[in-house]
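Please examine the sequence and the structure before reading the solutions.

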Amino acid sequence: MSSVVAAMLGLSILLLSGVLDWDDCLSEKLAWDILVWFGVLVGMESQLTTLGIVSWISDGVAKSLKSLSLGQTIHVAALYSAFHGMQLASKVPRLLAALALVYNTNFFLVH
């Protein structure tokens, strides 16, 4: 059973058993707003994927990043400060932490 069928079945049971009435459902304006916008976004995503636009954009971005040849360098630069901070919080001496990351960074970039 799909999640949509389960949700509609659950709502129907709640309405038929009198736990909720239709006014309760209508008073949840934010929920309806989210439901409508979520439906629009899912429908748009589905059509963009079907038309091949998502794969076209991802291929273009991948080619742009490869042409810059910065893929691994960006990853290392983004994570360097986080790993350095974790090492310092673990009481690793500053020089040893920095040298260990430099060594690992060079090893990563060579391979």
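Two exercises with worked solutions follow.

This is a predicted model, in which local features need pLDDT of at least 70 and side-chain atom pairs count only at pLDDT 80 or more, while totals for chains, interfaces and linings use all residues. Residues are numbered from 1 along each chain as its sequence is written, and side-chain values use heavy atoms, with hydrogens and water left out.

**Exercise 1.** Determine which residues make the nonpolar surface patch and which element gives the most to the patch.

*Solution.* Step 1: a patch joins nonpolar side chains (Val, Leu, Ile, Met, Phe, Trp, Tyr) within 5 Å, or like charges within 9 Å, from residues with over 30% relative accessible area and no salt bridge. A salt bridge is a side-chain nitrogen of Lys or Arg within 4 Å of a carboxyl oxygen of Asp or Glu. Accessible areas come from the Shrake-Rupley method with a 1.4 Å probe, and for residues only the protein chains shown count as cover.

Step 1: L41, M44, L48, L51, I53, V54, W56, I57 and V61 make a nonpolar patch of about 880 Å². Two or more residues each come from α3 (29-50) and α4 (53-68); helices are DSSP runs (H or I, at least four residues), numbered from the N terminus.

Step 2: α4 gives the most, with five residues.

**Exercise 2.** Is V61 buried, partly exposed or exposed?

*Solution.* Step 1: V61 lies in helix α4. Step 2: buried means under 20% relative accessible area, exposed over 50%, and partly exposed in between. Step 3: V61 has a relative accessible area of 47%, so V61 is partly exposed.

Technical notes: Buried means under 20% relative accessible area, exposed over 50%, partly exposed in between (1.4 Å probe, protein chains only).
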